[in-house]
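User: I am new to this structure and would like to go through it step by step. Could you take my questions one at a time?

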Amino acid sequence: DNFSSVEYFGPPHQRQMKSRLSGAEARPKAGGLLVITDLKLEIFDTNGVMEVVIRAPHCVYDTQKGEANSPGHLRLETGDGNSHVEGDGFLWRQSSSLLTISNNVRTVIEKTSETKAGL
């Protein structure tokens with residue numbers, strides 16, 4: 001019962017994925033809602049490089065609005081794996097690629113990039 005929903009960039013990058021929302025299972029509910037377990041949301045740049053991956057044990061995805069939300073835990077990792085953000089409760093709007101984390105937000109920067117000379 002693997003689930004996947006993909007959004008693509010507009011021209012001239014229409015062949016590149018903008019985001020991919022997937023899960024181990026998606027159970028349909030009334031009103032175009034899906035209850036997704038083991039959510040994985042990947043966000044890419046126009047060159048196909050993954051910028052962010054978001055994971056959550058479960059969420060509700062509104063297929064009509066293109067929104068995913070949950071009161072549960074969420075972990076966001078940068079594509080390079082150098083930092084992550086965790087929190088409880090979130091709302092993701094697919095159309096604007098906007099993620100709101102509600103509570104107990106914690107950011108960890110595991111590695112810092114080298115700064116340019118003179119900065």
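This is a predicted model: local features need pLDDT of at least 70, side-chain atom pairs count only at pLDDT 80 or more; totals for chains, interfaces and linings use all residues.

User: Is Glu77 buried, exposed or partly exposed?

Analyst: The relative accessibility of Glu77 is 25%. Because buried means under 20% and exposed means over 50%, a value in between places the residue in the middle class. Glu77 therefore counts as partly exposed.

User: How many helices and how many strands does the protein chain have?

Analyst: Read along the sequence, the chain follows the pattern β-β-β-β-β-β-β-β. Its C-alpha trace spans about 60 × 40 × 25 Å along the principal axes. The count for the protein chain is zero helices and eight strands.

User: What share of the residues of the protein chain counts as buried?

Analyst: The protein chain exposes about 7,400 Å², of which carbon and sulfur atoms supply 49%. Burial is judged residue by residue, with under 20% relative accessible area as the cut-off. Of the 119 residues of the chain, the share that counts as buried is 35%.

User: Which residues have the most contacts inside the largest nonpolar core?

Analyst: In soluble globular proteins, nonpolar side chains tend to be buried together. Here the largest nonpolar core has 19 residues, and strands E4 (33–44), E5 (50–62), E6 (67–78) and E7 (83–93) each supply at least two residues of this core. Those with the most contacts inside it are Leu21, Ile36, Ile54, Tyr61, Ala68 and Phe90.

User: Which residue in E4 is the bridge partner of Ala26?

Analyst: Strand E3, residues 25–29, runs antiparallel to E4, and five bridges join the two. In the hairpin that E3 and E4 form, three residues lie between the strands, and Gly31 takes a positive phi near 80°. The partner of Ala26 in E4 is Ile36.

User: How many bridges pair E4 with E5?

Analyst: The two strands form a hairpin with five residues between them, and Gly48 in the turn has a positive phi of about 85°. Within this pairing, Leu33 stands opposite Asp62 in E5. E4 and E5 pair in the antiparallel sense, and the number of bridges is 11.

User: Why is the ring pair of Phe3 and Tyr61 given the class it has, and what is that class?

Analyst: One aromatic pair is counted in this structure. The ring centres of Phe3 and Tyr61 are 6.2 Å apart and their planes stand at 55°. Since Phe3 lies in strand E1 (residues 3–8) and Tyr61 in strand E5, the pair ties together parts that are 58 residues apart in sequence. Planes under 30 degrees apart would count as stacked and those over 60 as edge-to-face, so with its angle of 55° the pair is tilted.

User: How far apart are the closest N and O atoms of Arg93 and Glu67?

Analyst: A search of the whole structure finds six salt bridges. One of them joins Arg93 to Glu67, and this pair links distant parts of the chain, with Arg93 in strand E7 and Glu67 in strand E6, 26 residues apart. The closest N and O atoms of the two are separated by 3.4 Å.

Terms used:
Residues are numbered from 1 along each chain as its sequence is written. Side-chain values use heavy atoms; hydrogens and water are left out. A nonpolar core is a set of buried Ala, Val, Leu, Ile, Met, Phe, Trp, Tyr and Cys residues joined through side-chain atoms within 4.5 Å. Buried means under 20% relative accessible area, exposed over 50%, partly exposed in between (1.4 Å probe, protein chains only). Helices (H or I, at least four residues) and strands (E, at least two) are DSSP runs, numbered from the N terminus. Two strands pair if DSSP finds at least two bridges between them. Rings of Phe, Tyr and Trp (its six-membered ring) pair if their centres lie within 6.5 Å; planes under 30 degrees apart count as stacked, over 60 as edge-to-face and the rest as tilted. Accessible areas come from the Shrake-Rupley method with a 1.4 Å probe; for residues, only the protein chains shown count as cover. A salt bridge is a side-chain nitrogen of Lys or Arg within 4 Å of a carboxyl oxygen of Asp or Glu.
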